[in-house]
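Subject: Structure handover

Hi,

Here is the structure I promised to pass on. Have a look at it first, and then read on for what I found.

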Amino acid sequence: MDKKKNIAILGATGSIGTQALEVIRANKNIFSVEVLTGSSNADLLIKQAIEFNPNTIVISDENKYHYVKDALKEYDIKVFAGKKAIVDVVKMDNIDMVLAAIVGYAGLESTLSAIEAGKQIALANKETLVVAGDIVTALAKEKGVNIYPVDSEHSAIFQCLVGEFHNPIEKIYLTASGGPFRGKDRDFLATINKEQALKHPNWEMGAKITIDSATLMNKGLEVIEAKWLFALRPEQINVIVHPQSIVHSIVQFSDGSMKAQMGLPDMKLPIQYALSYPERINSNFTRFDFLNYPELTFQPADTKTFRNLALAFDALNKGGNAACVLNAANEIAVMAFLNDQIRFLEMTDLIEKCLEKITFIKKPSYLDYVETDKETRRLAHEFLTNRIKFVTKK
Ligand code: NAD
Ligand code: MG
């Protein structure tokens with residue numbers, strides 16, 4: 001690369017954001033940091049700003065503006081606060097690529113703004129595609145923007161497709177570790193607490209995606225993400241449980257040939273590939289050793305026990321605003337579980353109730369999605385306050 005690639009990292013203080021900065025730290029001759037944003041961890045954002053010397057940082061929690069501004073007064077770094085500022089700064093001329101690593105629906109507006117401004121996108125924030133995949137992909141096409149997947153499964157599919165972009169995909173298999181409760185039944189799931197759910201066997205991630213992995217909603221969101229990234233029909237998307245998380249996903253082509261991408265579970269690899277595509281750059285990431293993994297195993301996903309995955313497939317098949325409802329209800333459910341307001345299995349009940357009640361819109365506009373998100377959250381909160389109305393189904 002002749003010129004350094006200037007990166008904006010939205011959600012720099014999170015799990016993906018900090019790992020992206022590790023990648024950049026090891027490749028300072030290739031990448032430079034133009035923008036960093038964080039929501040509440042002001043001290044980490046300040047520390048990152050001092051190390052990476054971006055042009056601009058944004059702290060979305062406005063109460064922390066003066067604290068951050070003060071800490072950086074000796075530095076030539078612009079400081080802004082508030083959610084609107086994130087939507088604005090992504091348009092800055094100097095940015096080549098935006099890494100969208102905010103968690104949840106909160107990442108949608110800034111990602112759309114970056115696409116509108118013609119910035120290449122490295123996408124970790126899968127909820128953006130789950131909520132409004134049609135609008136996001138249509139805008140990217142119109143603006144000539146590529147969306148490079150950061151999610152390990154989608155990065156795997158993307159890597160398998162290099163050199164094959166004109167060859168039709170027959171199907172894809174998204175691999176799932178199965179999470180910490182693989183093989184358990186619903187009686188067991190009814191008893192578990194958040195500490196157990198927050199312990200993922202193979203990946204260290206933010207709290208929301210860790211709970212999503214325990215319920216298999218993460219895989220459900222990824223199925224919908226895959227539809228939009230690779231223009232697939234629902235019946236082309238399969239999930240296969242692979243507890244070792246070594247095969248990151250598989251593409252099957254029209255001649256029956258299958259390609260898989262493999263490696264140890266380490267998000268730095270897909271993050272780096274999204275930032276450096278089409279090149280592969282050297283890394284010192286630990287290499288896979290077959291002798292440590294004498295067996296790689298595969299089994300079907302248990303959608304009867306992990307009903308969130310079935311709900312996500314239903315939403316995918318239904319289309320319209322169904323996945324937007326699924327996502328908003330899930331965000332509230334996960335938050336309620338993390339706040340000890342509901343039990344593990346009640347998360348699914350809450351999502352199902354919202355899917356039943358919210359008005360279906362077949363061809364939503366952007367504003368319809370915004371409204372659907374708002375209305376679903378309102379309804380979910382109502383269900384939570386009248387918790388008696390829904391009973392955990394065993
Ligand atoms: P995280 O909770 O560790 O970090 C989230 C980041 O977003 C933080 O920087 C936080 O400050 C910021 N943020 C949170 N709420 C915000 C708001 N309302 N407005 C502005 N900023 C806000 O999450 P994570 O694990 O890094 O995940 C980020 C995204 O990447 C998610 O969409 C997740 O599904 C996806 N992803 C993560 C992993 C992983 O290994 N962590 C893997 C694949 C995909
Ligand atoms: Mg993933």
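This is a predicted model: local features need pLDDT of at least 70, side-chain atom pairs count only at pLDDT 80 or more; totals for chains, interfaces and linings use all residues.

**Ligand 1**

Which residues come nearest to ligand 1? There are 24 residues around it, and Thr13, Ser15, Ser39, Glu127 and Gly206 are the ones that come nearest. Two helices, α1 (15-25) and α4 (83-89), each give at least two residues to that shell.

A polar side-chain atom of Glu127 sits 2.7 Å from an oxygen atom of ligand 1. The backbone takes part as well: a polar backbone atom of Ile16 is 2.9 Å from an oxygen atom of the ligand, and for Gly14 the corresponding backbone distance is 3.1 Å. As for cover, ligand 1 has 830 Å² of accessible area on its own, and the protein covers 87% of that.

**The magnesium ion**

Ligand 2 is a magnesium ion, and its coordinating residues are Asp151 (OD), Glu153 (OE) and Glu222 (OE), at 2.1 to 2.2 Å. Along the sequence these donors follow the spacing D-x1-E-x68-E. The two glutamates link distant parts of the chain: Glu153 belongs to helix α7 (residues 152-161) and Glu222 to helix α11 (residues 217-230), 69 residues apart.

Are these two glutamates buried or exposed? Buried means under 20% relative accessible area. Glu153 has 7% relative accessibility, so it counts as buried. Glu222 has a relative accessible area of 1%, so it is buried too.

Lys219 is placed in α11, and its side chain makes a polar contact with the side chain of Glu222 at 2.7 Å. Lys219 is itself buried, at 6% relative accessibility.

**The five-stranded sheet**

Next, the sheet. It is an open one of five strands in the order β11-β10-β8-β9-β12, and the pairing is mixed. β11 and β12 (299-300) stand at the edges with a single partner strand each, so one side of each has no neighbour in the sheet.

Going through the pairs, you'll find these:

- β8 (residues 169-176) and β10 run antiparallel, joined by five bridges; here Tyr173 stands opposite Ile250.
- β10 and β11 (residues 258-262) are also antiparallel, over five bridges; Ser249 has Gln261 as its bridge partner.
- β8 and β9 (residues 237-241) are parallel, again with five bridges; Ile172 stands opposite Ile237 in this pair.

The hairpin of β10 and β11 has four residues between the strands, and Gly256 there takes a positive phi near 95°.

How many residues of β10 are buried? Seven of the seven residues in β10 (residues 247-253) are, so the strand is largely enclosed by the rest of the structure. β8 is mostly covered, with six of its eight residues buried.

**One more contact**

Away from that sheet description, take a look at Thr37, which is found in strand β2 (residues 31-38). Thr37 counts as buried, with 1% relative accessibility. A polar atom of its side chain lies 3.0 Å from the backbone nitrogen of Gly11.

That's everything from my side.

Cheers

Notes: Residues are numbered from 1 along each chain as its sequence is written. Chains are lettered from A and ligands numbered from 1 in the order in which they are written. Side-chain values use heavy atoms; hydrogens and water are left out. Donors are N, O and S atoms within 2.8 Å of the metal (3.2 Å for Na, K and Ca); water is not among the atoms, so sites may look incomplete. Buried means under 20% relative accessible area, exposed over 50%, partly exposed in between (1.4 Å probe, protein chains only). A residue is near a molecule or strand if one of its heavy atoms lies within 4 Å of it. A polar contact is a pair of N or O atoms within 3.5 Å; within protein, one must be able to donate a hydrogen and the other to accept it, and residues adjacent in sequence count only if both atoms are side-chain atoms. Accessible areas come from the Shrake-Rupley method with a 1.4 Å probe; for residues, only the protein chains shown count as cover. Two strands pair if DSSP finds at least two bridges between them.
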